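Reader: I have this one open on the screen. Can you walk me through it?

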Amino acid sequence: MKIQWLNYKKEQPFMFHYKYSNNTEYPFNSVYIGKRNSNIEDYTKQLDLLYPNGHTITELKKKDLLELIPFIPPIKHSFYHKLKVNRQNN
């Protein structure tokens, strides 16, 4: 309740800095909120795509979605029309 100024730096993702005053002359205190033995590389590595060729839906699901097109903004219509259909699971 007494904190007046919060500061977050992208270079220190698990630490935030705070002050009890808005005065620029006072230094920031800091709190580390990460795990003790955590490594930043564990949180920034790239994951493989779960569906690299796209995920498919059934024809009935696509039909139901296309019936709702009047309620969807026109700019999003092409997304629903381009959905891939899995013809094996009908």
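Author: One term before we start: contact means heavy atoms within 4.5 Å. The model is predicted, so local features need pLDDT of at least 70 and side-chain atom pairs count only at pLDDT 80 or more, while totals for chains, interfaces and linings use all residues. Residues are numbered from 1 along each chain as its sequence is written, and side-chain values use heavy atoms, with hydrogens and water left out.

Reader: Fine. What does His17 contact, leaving aside its neighbours within four places in sequence?

Author: Trp5, Leu6, Asn7, Lys9, Gln12, Phe28, Asn29 and Ser30.

Reader: Is His17 buried or exposed?

Author: Buried, because its relative accessibility is 9%. The cut-offs are under 20% relative accessible area for buried, over 50% for exposed and partly exposed in between, with a 1.4 Å probe and protein chains only.

Reader: Which side chain makes a polar contact with the side chain of His17?

Author: That of Gln12, at 2.9 Å. A polar contact is a pair of N or O atoms within 3.5 Å; within protein, one must be able to donate a hydrogen and the other to accept it, and residues adjacent in sequence count only if both atoms are side-chain atoms.

Reader: Where is His17 placed?

Author: In strand 2. Strands (E, at least two residues) are DSSP runs, as are helices (H or I, at least four), and they are numbered from the N terminus.

Reader: What is the order of the strands in the sheet?

Author: The sheet is open, has three strands in the order 1-2-3, and its pairing is antiparallel. Two strands pair if DSSP finds at least two bridges between them.

Reader: How many bridges join strand 1 to strand 2?

Author: Four. Trp5 is opposite Lys19 of strand 2 there, and six residues lie between the two strands, which form a hairpin.

Reader: And strand 2 with strand 3, how many bridges?

Author: Four again, with strand 2 covering residues 15-19. Met15 has Tyr32 of strand 3 as its bridge partner.

Reader: Back to Lys19. Buried or exposed?

Author: Lys19 is buried, at a relative accessible area of 3%. A polar atom of its side chain is 2.9 Å from the backbone oxygen of Tyr26. Not counting residues up to four places away in sequence, Lys19 touches several others, including Ile3, Thr24 and Pro27.
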